[in-house]
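Here are some notes on this model for your review. Please read them alongside the coordinates.

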Amino acid sequence: MTRTTRLGIAAGLGLLGLVSACTPGSNTSAPPPSTVSSVQTDASKLGDVTLVVWDQEVRGGQAEQMKQLNDAFQAKYPNIKLKRVSRSFDDLKTTLKLALTGNEPPDVVEANNGRSDMGAFVKANQLIPLDPYVAAYGWDKRYPASVRQYSSYTPDGKTFGQGNLYGLPQVGEVVGIFYSKKKLAAAGVQPPATWADFEASLAALKAKGEPPLVLGNLEKWPAIHVFGTAQGRTTSPDAIKQLAFGRKGASWKSDENLKAAQTLTDWVGKGYFNEGFNGQDYDPAWQSFAKGKGTYLIAGTWLQADLGKAMGSDVGFMLPPGTSADAKPIATGGTGLPFAITAKSKHPEAAAAYLNFITSPDAMSTLAKTGNLPVADTAAQQTTPGLQQDVFNAFGKIVTDDGLVPYLDYATPTMPDTIGAALQDLLAGKATPEQFADRLEKDYSAFASTNG
Amino acid sequence: MPSPRRTASPPGEPRRIAYLYLLPGFAVYAAFLLYPLLRSVQLSLYDWDGLTLGRWVGLANYREIISDVGLRAAFGHALVLMVFFAVVPVCVGLLLASVLNRAKVRGLAFFRTVVFLPQVVAMVVVAVAWRRIYGPDGSLNDLLRAIGLDSLARGWLGDYALALPAVGFVGTWFETGLVTVLLLAGMGRINGSLYEAARLDGAGPVREFLAVTLPSVRGEIAVASTLTVIAALRTFDLVYVTTSGGPGNSTSVPSYEVYHRAFELGRVGSAAAIGVTLTLVILAISLVINRIGDRETTR
């Protein structure tokens, strides 16, 4: 053995020793959950503190509302200094994990609701339960249960939709149907009041020659909203919640779910969708709808501002119609990203005061004025007639009637992938409804059975 | 072969001092390359979500790579991309370079620049542009419709059979320039008398290419192949931007899986195992290429 190789081996071993000294994750000791006996709700009495806030409110109206609310907060409580870090959604998602495991994480973070984000943070004791503050600030009255479920986890992070509250959202979203009034009128079709009407109108519109439904599914997730809309007509909301929150006790292979999948297969077969939808980008798809292609766009309220601007009075929005005109509305939807308080924050009370401020009734009207869809008191907001009013009424109605069902990809950490790919296969005719359901059932049941 | 003067020290400073000179460089190399590499190897032996305490699982993550159909398929896709990123560009590059070299066209520098241009643009920008070209209303379909081939128009990136070749073709377009310029440089160095000799022996252009040009640029071909093969195997940005691995999972590649698992699924251990495996595959393939290139250039 030459000296060089010996040296190399020694260096290698030394490095290996350095590395193997610690198991990954062993330096992230779990702080005990804080127990707060009495909450100081007057933020001006909290002394001089600095709060570091990480948010993803970087676009147009979102950025505007955040700035206005932060300025108002600073003016009202000069003793609390805000240090704001804003990143785009994707950047925030990928850096948050590292930031939380560091020694000085931000005090307030905007975390994605899903299992692989908020759920993982709860499991790792990185976020504090907000329950002591819920009572002190009356947040349970501000938010109905159908909204709170999206930020609730059991303390072990295993059960989604139940347990402690870990975050407060500012905005809401619901998937419904945007429609072109001109196109409907030209075909002599009334805006559908029932699901049967809707399907009949699809046939009538297709008979005029143009595919009525606009879909851009290159990104895989857009079809989840279309499927969720069909599923809301066939499957009971409780079963959807079981499936979407990844809890035991439901099955993808039920007749109801198969029927929903069959609906989509039929729609493709009848040529209701624009051609090449699996290779079409989401953004160009809704932009083409705004320019007059197709009649219906099944999408979320997040497109309201853009579509309203592009189409003016031509565009309307409705919740997916039920089996009868007065049926309880069911629609996929949820909240924007909730704001949460980190476990290592030294000023949880100030952080809670901040959360309270940016979700107060005043904040909700600021949100509405800046073109966002506030999650609370939605129907009470001043709106401009037309699309914004349609959207606000729809969201207000679905929250009051407790008709929101969660996004199906919340179910398991791998579900966004599984369902996205499975739906592309289903829509392309590569998989039958049975094969589609089998694939989802495999993912869902594997997770639900080990998750307890 | 044992050195005859093993004990006698060579002239100049003693050997040991030399290592001292290497130390600063080695320290940087170790801190930024060796340590992360070893750390990845270590992580790959754990089941770790990036947050809570990791669990030792031994080689289970590696076993998964072999047993998981989806992951095996991802490595298969990378091999298909190798054809588009390396084999096709080298063939096209050889042709282009020998034509450019033979023709002694005026404004060679101009053509060289044009051919090389894709390399200058960031891959993300390239991907965004091609995503538009391949769209159902994109320029490729417009072109097909304009020449009456309506039946061929489709959403290219949403087509199960054609998405992977479509992504691969972007790679071909991207790498051909680099390969051509490399080969042109190699051909420029060939001694003109060799061609003269070949011509005197009655060789035509094809014969000339096979007998003189091709053997002379073997070294360059090896370099070009190594670079492009590595580019093919570690493709991430192109897939991430154009298809996210779709439709279905028909364009997923190992490096996309690494990102997906580490940042989206929270399976850091599995991601590290794929990364390590990918590193080994790249290492093995480039070793083979260099072996072939080296052996044949030593004359």
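Predicted model: local features only at pLDDT ≥ 70, side-chain atom pairs only at ≥ 80, totals over all residues.

The points below cover a sheet and a helix in chain A, then annotated segments in chain B.

1. In chain A, 4 strands make an open sheet with mixed pairing, ordered β2-β1-β3-β11. The edges are β2 (80-86) and β11 (339-341) of chain A; each has a single partner strand, so one side of each lacks a neighbour in the sheet. From one strand to the next, the twist averages 20°.

2. The β3/β11 pair. β3 (residues 108-110) of chain A runs antiparallel to β11(A), with 3 bridges. One bridge partner is Phe339(A) in β11(A), which faces Glu110(A). Helix α15 (residues 348-358) of chain A packs on the sheet. The strands that α15 touches are β1 (49-55), β2, β3 and β11 of chain A. Its direction makes about 165° with that of β11(A).

3. Helix α11 of chain A. Which residues of α11 (residues 237-244) are buried? They are Ile240(A), Leu243(A) and Ala244(A). These cover an arc of only 90° around the axis, so they lie on the same side of α11(A). The general rule is 3.6 residues a turn in an α-helix, so residues three or four places apart point the same way. The buried residues of α11(A) pack against α10 (222-234), β12 (404-405) and α19 (433-451) of chain A. Just after α11(A), Gly246(A) has a positive phi of about 65°.

4. An unreviewed UniProt entry places "transmembrane region" features at residues 20-38, 74-97, 109-130, 160-185 and 268-289 of chain B. In the model, residues 109-130 of chain B are 91% helix and 0% strand, with end C-alpha atoms 26 Å apart. Residues 160-185 of chain B are 88% helix and 0% strand, with end C-alpha atoms 39 Å apart.

How values were computed. Residues numbered from 1 in each chain as written. Chains lettered and ligands numbered in written order. Pairing = 2+ DSSP bridges. Helix = DSSP H or I, 4+ residues; strand = E, 2+ residues; numbered from the N terminus. Axes fitted to C-alpha atoms, helices over the stretch in contact; angles between N-to-C directions. Contact = placed C-beta atoms within 7 Å. UniProt positions renumbered as here; feature names shortened; annotations may be inferred. Buried ≥ 20, exposed ≤ 12 C-beta atoms within 10 Å, placed from the backbone. Arc of directions from axis to C-beta.
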